[in-house]
Amino acid sequence: IIKDEYLKLKGWEGDRKRRKAVDNAFTTVIGVIGDTAPNSVSRLDVHELVKTLLDSGLKTASVKRRLAVIRAAINYVSRMQEAQLDNPFANFDIPNLFEDSNERQDFTQGQLALVREKLRTANKYNEVDGIIGLLVDTGMRVSEVVGLQSNDIVLDTEIPHLRLHRNTIRRLKTKNSQRLIPLVGASLLAARKLAENTTGAYLIPRYIDEARGELKNDNASSAINKRLKGWLGDDAPTAHSFRHTISTRLRNVGCPKDIREELGGWAKSISDRY
């Protein structure tokens, strides 16, 4: 009941991505403690739930994320219905949080050089290479690139750049994600090629499902990772590693933290973790 009411009150019933995240969280919790009312769940039950999920092999970050969804749902439904629902998921503790996370691998200078060479010498235009080119020197998320509209690219100006903002297909992860991104190097070349080969509203229509109002960024990520493995071998970093790498590159050249965060659209202190 809490799940359905939460989705309804939030207006997310038709939002496939958000609904999936909520469904996953409730399925995980109900699978362990059963489909029961929040008032009948104790903090000790939540403690045991965390232990059970960790013992099952779920990463600490995944446990935190799913329990946070449950906590938010109970709080929101309780507030909107003016009901007195005790929330046992408030202030839950997860032992050794993030210590089991796998560090994402940065691209080496040699790998970046090879990627640039592959992009520069490609025999013909293709959208996967275009996305990779935009990722190399911008630090954008794959979903941010895939959701770009044609008029988001501004080339006829002293400093070519992208205007990244929310649109009807693509939400942005946080309010910090809306930003202007200068185009240089491989990303400038990719932006020019994409602009030359696109006539519709979206820059990369191959990964846009306008009928359903969705991005196919998972498909794009899979295609990018396959291409990178073909170029760099099976141990190649992933598409998201470009984002981590740009933070490292900026930090290594002494770029101030506030500018790094502005360019990458990171929430405060996230770039420090990278």
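Guide: All of helix H6 is hidden: 10 of the 10 residues of H6 are buried, so H6 is largely enclosed by the rest of the structure. Please keep in mind that this is a predicted model.

Visitor: Which residues of H6 are buried?

Guide: They are Glu127, Val128, Asp129, Gly130, Ile131, Ile132, Gly133, Leu134, Leu135 and Val136.

Visitor: And what do the buried residues of H6 pack against?

Guide: They pack against several helices, namely H5 (109–120), H7 (142–146), H8 (185–196), H9 and H10, and also against strand S2.

Visitor: Let us take H9. At what angle do the axes of H6 and H9 cross?

Guide: The axes of H6 (residues 127–136) and H9 (residues 217–232) cross at roughly 85° and come within 10 Å. That makes H6 roughly perpendicular to H9.

Visitor: Which residues meet there, in H6 and in H9?

Guide: From H6 there are Val128, Asp129, Ile131, Ile132 and Leu135. In H9 they meet Ala220, Ala223, Ile224, Arg227, Leu228 and Trp231.

Visitor: How many residues of that contact are nonpolar, polar or charged?

Guide: The contact of H6 with H9 has 9 nonpolar residues, no polar ones and 2 charged ones.

Visitor: What happens at the start of H6?

Guide: There, a side-chain oxygen of Asn126 reaches to within 3.2 Å of the backbone nitrogen of Val128.

Visitor: You mentioned H10. Where does Ile246 lie?

Guide: Ile246 lies in helix H10, which covers residues 241–252. Ile246 has a relative accessible area of 9%, so this residue is buried.

Visitor: What is Ile246 in contact with, leaving aside neighbours within four places in sequence?

Guide: On that basis, Ile246 is in contact with Val136, Asp137, Thr138, Gly139 and Trp266. One of these, Val136, is also among the buried residues of H6.

Visitor: What separates the C-alpha atoms of Ile246 and Asp106?

Guide: A distance of 8.8 Å separates these C-alpha atoms, although the two residues are 140 residues apart along the chain.

Visitor: On to the strands. What is the order of strands in the sheet?

Guide: The sheet is open and has 3 strands in the order S1-S2-S3, with antiparallel pairing. Strands S1 and S3 are the edge strands, as each pairs on one side only.

Visitor: How many bridges join S1 and S2?

Guide: S1 (residues 153–154) and S2 (residues 161–164) pair over 2 bridges. They form a hairpin with 6 residues between them, and Ile153 stands opposite Leu162 in S2.

Visitor: Then over how many bridges do S2 and S3 pair?

Guide: S2 pairs with S3 (residues 179–182) over 4 bridges, in the antiparallel sense. Here His161 stands opposite Pro182 in S3.

Visitor: What does the side chain of Ser78 reach?

Guide: The side chain of Ser78 reaches the backbone oxygen of Ala83 at 2.7 Å. Not counting residues up to four places away in sequence, Ser78 touches Ala83 and Leu85.

Note on methods. Residues numbered from 1 in each chain as written. Predicted model: local features only at pLDDT ≥ 70, side-chain atom pairs only at ≥ 80, totals over all residues. Heavy atoms only, no water. Axes fitted to C-alpha atoms, helices over the stretch in contact; angles between N-to-C directions. Parallel < 35°, antiparallel > 145°, perpendicular 65-115°, else oblique. Contact = heavy atoms within 4.5 Å. Nonpolar A, V, L, I, M, F, W, Y, C, P; charged D, E, K, R; others polar. Pairing = 2+ DSSP bridges. Buried < 20%, exposed > 50% of the residue type's maximum accessible area, 1.4 Å probe, protein only. Polar contact = N/O pair within 3.5 Å; in protein donor to acceptor, adjacent residues only side chain to side chain.
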